[in-house]
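Subject: Structure handover

Hi,

Here is the structure for you to look through. My notes on it follow below.

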Amino acid sequence: MSTTAVGVTDIAIRGVSRAFGEFKALRDVDLEVASGELVALLGPSGSGKTTLLRIIAGLEKQDAGSVMIAGQESTGLASRSRDIGFVFQHYALFKHMSVRQNIGFALKMRKTPKARIDARVDELISLFRLDGLTARYPDELSGGQRQRVALARALAFEPRILLLDEPFGALDARVRQELRRWLRRLHDDIGVTTVFVTHDQEEALEVADRVVVMNEGRIEQIGTPEEVFSNPANVFVMKFLGNVNVFHARVEHGKASVGGLAIEAPGSTSDSARAYIRPHEMDIHRAGQHADDIPATVAFVNPVGANVKVELLTDAGDVVFVEITRGSYLELGLERDMAVGLRPRVFNIFDDYSI
């Protein structure tokens, strides 16, 4: 699968493949990243996303295909010559160097004048909110602080491209949330072309301009967060981007129906298909309120959180998970063993054989 981004292309991947022995990490991958984009490579372990990132960086060599950086063939170009800043998953800070020394390291290696190094480091310390920490060493910093130092170091020499490998994977959930919002704001401010690897669906959908969903060395879908979430290309993308309920659907004359809801299914070539419905895309009604609702019984209710999570068992024996508002929960008076009706508001249809 390939895509053409709008504007100047900073990264162009053409037919890239990579194998490690019998394991095929990448299979004929095409991808373009436009100047100033923030792109997420999203997929499960072993999908090829980190291998692709390392090939872009020049830390790994592909077996076939080409890598273009800013319009120039870079396949044989050393990593240090690619104008790329790289942030590793575990930061890779120099433990014997202070925060200030870590940030200025790349500039020092490039024999940048000391006055320019000092000015640039001061600028980054302010930008990354590291004031008061400059004399500390990595072991004296929190995980979030170390990550900000690693990002500042990668950006010190003002690279054209920034690559991040699971940038928040080693942090706890609260710090991850704070840092990913901060990364989005930072990107909007400085505009450097950025590609980051993650297996966290929420992270990719919240932060990226475009999401590249990968599986078994291939690109399954490329699109905006809204496109890949609301219009998944296949069952893998549908399932990987969140919990889903699966129902058998009847397909007749180009329309698929589940319960009383029917939608156009022009791509379906089978009269037996499956409907994939996310928990927040279903309503719960009182039993008998609508004749074409799917009959079900409440099995469990978790009222903790912004939305109430309900587990139900349909009369056909299917387990279904639904998320409703607290207001709906209170209005319905849901409790265990209560008979109700289910109605999907929207669903995605895929033929049985596409699973």
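Predicted model: local features only at pLDDT ≥ 70, side-chain atom pairs only at ≥ 80, totals over all residues.

β6 and β7 run parallel and are joined by 4 bridges. Two strands count as paired if DSSP finds at least two bridges between them. Helices (H or I, at least four residues) and strands (E, at least two) are DSSP runs, numbered from the N terminus.

Residues are numbered from 1 along each chain as its sequence is written, and side-chain values use heavy atoms, with hydrogens and water left out.

**The sheet**

The open sheet has 6 strands in the order β6-β7-β8-β3-β9-β10, with mixed pairing. Its edge strands, β6 (84-87) and β10 (218-223), each pair on one side only. Helix α1 (residues 49-57) packs on the sheet. α1 touches β3 (38-42), β6, β7, β8 (193-198) and β9 (210-215), and its direction makes about 150 degrees with that of β7. Contact means heavy atoms within 4.5 Å. Axes are lines fitted to C-alpha atoms, for helices over the stretch in contact; angles run from 0 to 180 degrees between N-to-C directions. α4 lies across β6 and β7, at about 165 degrees to β6.

**Two loop residues**

Most residues other than glycine have a negative phi. Glu158 has a positive phi, near 55 degrees. Glu158 is in the loop between α4 (143-155) and β7 (161-165). Glu166 also has a positive phi, about 45 degrees. Glu166 sits in the loop between β7 and α5 (173-190). Which of the classes, buried or exposed, does Glu166 fall in? Glu166 counts as buried because its relative accessibility is 9%. Glu158 counts as partly exposed, at 49%. Buried means under 20% relative accessible area, exposed over 50%, partly exposed in between (1.4 Å probe, protein chains only).

**The largest pocket**

The largest pocket holds about 580 Å³ of space. A pocket is an open set of points on a 1 Å grid over the protein atoms alone, where a 1.4 Å probe fits, with protein on both sides within 12 Å along at least five of seven lines; lining residues have an atom within 4 Å of a point. Grid points are joined across faces, edges and corners, and a volume is the space filled by probe spheres set on the points. β6 gives the most to this lining, with 4 residues.

Best wishes
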